[in-house]
Amino acid sequence: MKITALLVLKCDSDSSDPIILANASDVTHFGYFQRPSIRQFIVFVGRTVAKRTPSGQRQSVQHEEYKVHAYNRNGLCAVGFMDDHYPVRSSFSLLNQVVDEYQKNFGESWRTAQTDSTETWQYLNDALVRFQDPAEADKLLKIQRDLDETKIVLHKTIDSVLARGEKLDSLVEKSSDLSAASQMFYKQAKKTNSCCTIL
Amino acid sequence: MSAALGKTSYRDRTPEFLSVAERLKKSISSGSNADVSSSSSGKPDGTRSAVAVQSEFNKRASKIGFGIHQTSQKLSKLAKLAKRTSVFDDPTMEIQELTAVIKQDITALNAAVVDLQLVCNSQNESGNISTDTTTHSTTVVDNLKNRLMGATKEFKEVLTMRTENLKVHENRRQLFSSSASKDAANPFVRQRPLASRSTASASPAPPPPWANGSASSSSSQLFPSRQSDVESQPLLPQQQQQRQQQQQQQQQMVPLQDSYMQSRAEALHNVESTIHELSSIFTQLATMVSQQGELAIRIDENMDDTLTNVEGAQGQLVRYLNSISSNRWLMIKIFFVLVVFLMIFLFFVA
């Protein structure tokens, strides 16, 4: 359930290589000396995948133990490197969000970019951290999870209500016994009172 | 006068026939000129009208026969086309056009035959024609009907054969190409409503790529172009592997779009059904609680009864206690009685 990297690229046509607009990657679980090469690898694979994704399409490519998901919208392409357990749908909704956010923040300025931009975009880094849990990205997943928890809680409630029912049953019995006993007691007391007035 | 033409030989008696007709006409017209009475003029008119009706009948019958012949020719063409269909070169449009045309023809011919039969019946009822003519006309009508039925049956057979062929082709296509072709028709029917529903991907670009990228044939066309693209560039091993995977993934692009939408739809369905379950659980809970409320009321009543009883008993006991504690004078009387008894007892013993 891990996102390794998120990239935003600009791909105009199939002829030229896409240009990287933002890059956020988490390579902490690789060894220290492998990190630069891993980063390069991410950049390269991201470029290739973005180049092969036609406009308006979503694509998922399996590469070794990673799934690379790409979403291209009108030339602005978001690429995510996730492991196999990350649900596909959540990853695409995450990419949707990234693209929307990028367009909101930078408007159309990215269209004129000619070289890879090296500045970091804080939102992407935050997103990388926040969306390690797929439920955050995908509202449907979150709703489903909440509903499941509610269902579990309700099941427990029903169990406790059944137990309450049983206890109420026993209480009813005991109270009826008590009422019968008190009736006997009253009769007995009346009898005692009524018999000894002669003496 | 006999002439051998093709396979059959016939005697051309047309000029004799024409002379007879002219003579008849002359005799009729001379008859009508000589006889002014209406009945005789009525009779030749009747015969002429009978003849006219008969020839009308014949003309129609011959037209219908010709139509049936043409339709059966078109049917044979259609049968050939239907048999001919191969996997890639499917003349669907022609076949459909031809089918429509043939259907129209057959319905028109049907209507014409029915008309002809009506005419024949009216002719028979109007009388003043020989039995030979009636039998002749009925036979002709029956013959035409049979031929039309035969043509319709052939048409049906051709259509069934065509559907079987289509099925065979579909199976063969599935065998040879992978899942891409199977979804060729469906994703585009389903994609549009879902595409309009999804909030994020509401770009107008989606329909054209899907429409362009239909069927395995076009994706396999993408295949060769990618191949040539690849070979023209220098390759590292990783790059090669990546591009191969890319090519494989290219073909599955269209089903992936569809599967994304499908998974979203599925998730929504799940959410909806979960909510339904939750609502049923809530109603069950409410029922159980109301039932148990009734139990609580019973317990409350029982406790009230017990309270009343115990209070009553307590009152009795208090009264008893009062009577016991305030009855000293009665007790003195009792002691006196006891002492008297003791005295008597002592007297008797001692």
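Biologist: Where in chain B is the place of V340(B)?
Modeller: V340(B) sits in helix α11, which covers residues 328–349 of chain B; helices here are DSSP runs of H or I with at least four residues, strands are E runs of at least two, and both are numbered from the N terminus. This is a predicted model, in which local features need pLDDT of at least 70 and side-chain atom pairs need 80 or more, whereas totals for chains, interfaces and linings use all residues. Residues are numbered from 1 along each chain as its sequence is written, chains are lettered from A and ligands numbered from 1 in the order in which they are written, and side-chain values use heavy atoms, without hydrogens or water.

Biologist: Why does V340(B) count as partly exposed?
Modeller: Its relative accessibility is 44%, and because buried means under 20%, exposed means over 50% and partly exposed is what lies in between (1.4 Å probe, protein chains only), the value falls in the middle class.

Biologist: What makes the nonpolar surface patch of about 910 Å²?
Modeller: The patch is made by V339(B), V340(B), M343(B), I344(B), F345(B), F347(B), F348(B) and V349(B). A patch takes residues with over 30% relative accessible area and no salt bridge, joining nonpolar side chains (Val, Leu, Ile, Met, Phe, Trp, Tyr) within 5 Å and like charges within 9 Å, so V340(B), at 44%, passes the area cut-off.

Biologist: For which residues of chain B does UniProt list "transmembrane region"?
Modeller: The unreviewed UniProt entry lists residues 329–349 of chain B, and such annotations may be inferred rather than shown by experiment. In the model that span is 100% helix and 0% strand, with its end C-alpha atoms 30 Å apart.

Biologist: What patch do E166(A), D169(A), E173(A) and D177(A) gather in on the surface?
Modeller: These residues form a patch of negative charge, since Asp and Glu count as negative, Lys and Arg as positive, and His and the chain ends are not counted. One of them, D169(A), lies in helix α5, residues 139–195 of chain A, and its relative accessibility of 41% makes it partly exposed.

Biologist: How do you know that the side chains of K2(A) and D26(A) meet in a salt bridge?
Modeller: A salt bridge is a side-chain nitrogen of Lys or Arg within 4 Å of a carboxyl oxygen of Asp or Glu, and because the N to O distance of this pair is 2.7 Å, it qualifies. The pair links distant parts of the chain, 24 residues apart, with K2(A) in the segment before β1 (3–10) and D26(A) in the loop between β2 (19–25) and α1 (35–52) of chain A.

Biologist: How many residues apart are E101(A) and K104(A) in helix α2 of chain A?
Modeller: They are three residues apart, about one turn of the helix, and their side chains also meet in a salt bridge, at 3.9 Å from N to O. E101(A) is buried, because its relative accessible area is 18%, while K104(A), at 64%, is exposed.

Biologist: How many salt bridges does the structure hold over all chains?
Modeller: The structure holds eight, among them the bridge between D84(A) and K67(A), 3.9 Å from N to O. This pair too links distant parts of the chain, 17 residues apart, with D84(A) in the loop between β5 (76–83) and α2 (88–106) and K67(A) in strand β4 (residues 66–73) of chain A.

Note on methods. Accessible areas come from the Shrake-Rupley method with a 1.4 Å probe; for residues, only the protein chains shown count as cover. The place of a charge is taken as NZ of Lys, CZ of Arg, CG of Asp or CD of Glu.
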